Each structure stands twice: as C-alpha cells, then as structure tokens.
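Trainee: Hi, could you walk me through this one? I'd like to get my bearings before I do anything with it.

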Amino acid sequence: MSDYDPQNIFAKMLRGEIPCVKAYEDETVLVIMDIFPQSRGHTLVIPKAESRNILDADPGDVALVAGYLPKLARAVVAATNADGLRLVQFNEVPAGQTVVHLHFHLIPIYAGEEPGRHGSGGKADDSELRALQKVIGDQL
C-alpha cells in the first residue's frame with residue numbers, strides 16, 4: 001500500500017473543491033449520492049478522517065462512522081422503498097476500490113431487480129439524484 005493521496009476525488013469533495021450531491025454532512029462524515037449508481041438511491045458514506053481504506057484506518061475513526069450506518073441505511077431504505085440494502089466496502093484497487101479514500105456503499109436492493117455493476121448503468125439522472133438527496137436528507 002502506498003500513502004494516502006489528498007488529491008483523490010473524495011478528499012476534494014470534502015474540501016469543497018468539487019461538487020457532489022450531498023444528502024448529509026457533519027464533522028465526521030459526508031453522505032453523497034453515487035453519480036454512477038448500482039441501483040436507484042445508491043449512497044456513499046465518506047469519513048472525513050484521512051485513510052485509504054479499512055486496512056490503514058484508525059479503529060476509532062471506523063467506529064465513529066459505523067455508528068452512523070444503521071440510521072443512514074434506514075433513511076435510504078425509507079426514501080427509496082427498497083426491499084433490502086447492501087452495505088459494501090472495498091479495500092485496494094484489485095478488490096474493486098475505485099476511489100482510494102475509505103468509504104461505504106449503501107446500495108438499495110429491489111425484489112426482482114439485480115443491481116448493476118458500478119458505472120455499468122452510466123451516470124445517474126441529475127434531477128433524480130437531487131430528488132433522492134432531498135428525501136434521504138428529510139429522513140435524517
């Protein structure tokens with residue numbers, strides 16, 4: 001593993017250098033809509049603490065973020081009327097990590113619909129992302 005790159009896309013979002021579709025933010029996490037979703041309502045939970053992934057993350061930082069996951073998962077399911085939810089986290093590029101900053105995927109699952117692969121469905125519709133962003137934010 002190499003060192004953390006402060007120029008990764010999530011670090012730039014955390015610093016406000018590039019836009020994102022934000023559902024929630026506080027001093028610990030940034031919660032955004034994935035613009036290349038695997039299913040409708042695919043949401044990312046990004047810790048503000050710098051780490052590449054779980055392999056180099058501070059256990060205390062991971063514990064703080066883990067405390068958010070149940071409430072965020074319930075908000076995503078309520079906002080999307082999903083039948084279930086996948087919580088996914090990748091570690092290093094060979095394992096499927098595309099942005100090397102620790103983050104968690106909340107992927108709504110709908111009965112009878114198989115979620116796509118990341119980016120396979122193309123970029124999400126901006127108006128749908130904004131609508132979901134508001135509904136998820138209202139749940140929180």
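Trainee: Let's start with Ala-11. Which residues does Ala-11 touch, not counting residues up to four places away in sequence?

Mentor: Ala-11 touches Tyr-4 and Pro-6, once residues up to four places away in sequence are set aside. Contact here means heavy atoms within 4.5 Å.

Trainee: Before I go on, what sort of model is this?

Mentor: It's a predicted model, where local features need pLDDT of at least 70 and side-chain atom pairs count only at pLDDT 80 or more, while totals for chains, interfaces and linings use all residues. Residues are numbered from 1 along each chain as its sequence is written, and side-chain values use heavy atoms, with hydrogens and water left out.

Trainee: Thanks. Back to Ala-11: where is its place?

Mentor: Ala-11 is in helix α1, residues 9–14. Helices (H or I, at least four residues) and strands (E, at least two) are DSSP runs, numbered from the N terminus.

Trainee: And is Ala-11 buried or exposed?

Mentor: Ala-11 is buried, at a relative accessible area of 4%. Buried means under 20% relative accessible area, exposed over 50%, and partly exposed in between, with a 1.4 Å probe and protein chains only.

Trainee: Let's zoom out. How many helices and strands are there in the chain?

Mentor: The chain has four helices and five strands. From the N terminus on, the elements run α-β-β-β-α-α-β-β-α.

Trainee: What about the radius of gyration of the chain?

Mentor: The chain has 14 Å, which agrees with the value near 14 Å that a compact globule of 140 residues would have. That radius is taken over C-alpha atoms, and the globule rule is 2.2 Å times the number of residues to the power 0.38. Along the principal axes, the C-alpha atoms fill a box of roughly 40 × 30 × 25 Å. Of the 140 residues, 44% count as buried. Among contacts with a separation of 6 or more, 65% come from residues 24 or more positions apart.

Trainee: Can you give me a residue with contacts like that? What does Val-31 touch?

Mentor: Leaving out residues up to four places away in sequence, Val-31 touches Val-21, Lys-22, Ala-23, Tyr-24, Thr-43, Leu-44, Val-45 and Leu-72. Val-31 is found in strand β2, residues 29–33, and counts as buried at 1% relative accessibility. The C-alpha atoms of Val-31 and Leu-140 are 11 Å apart in space, while the two residues are 109 apart in sequence.

Trainee: New topic: helix packing. At what angle do α3 and α4 cross?

Mentor: The axes of α3 (residues 69–80) and α4 (residues 126–139) cross at roughly 130° and come within 8 Å. That makes α3 oblique to α4. Angles under 35 degrees count as roughly parallel, over 145 as roughly antiparallel, 65 to 115 as roughly perpendicular, and the rest as oblique. The axes are lines fitted to C-alpha atoms, for helices over the stretch in contact, and angles run from 0 to 180 degrees between N-to-C directions.

Trainee: Which residues meet there?

Mentor: From α3 come Ala-75, Val-76, Ala-78, Ala-79 and Thr-80, and they meet Leu-132, Val-135, Ile-136 and Gln-139 in α4. The residues of this contact divide into seven nonpolar, two polar and no charged. In that scheme Ala, Val, Leu, Ile, Met, Phe, Trp, Tyr, Cys and Pro count as nonpolar, Asp, Glu, Lys and Arg as charged, and the others, Gly among them, as polar.

Trainee: Thr-80 is in that list. What else is Thr-80 in contact with?

Mentor: Apart from neighbours within four places in sequence, Thr-80 is in contact with Arg-40, Gly-41, Pro-108, Tyr-110 and Leu-132. Thr-80 counts as buried, at 2% relative accessibility.

Trainee: And Asn-81, buried or exposed?

Mentor: Asn-81 is exposed, with a relative accessible area of 63%. Asn-81 lies in the loop between α3 and β4 (84–88), and its phi is near 55°, a positive value in a residue other than glycine.

Trainee: What's the phi of Glu-92?

Mentor: Glu-92 has a positive phi of about 80°, although it is not a glycine. Glu-92 is found in the loop between β4 and β5 (104–109), and is buried, with a relative accessible area of 15%.
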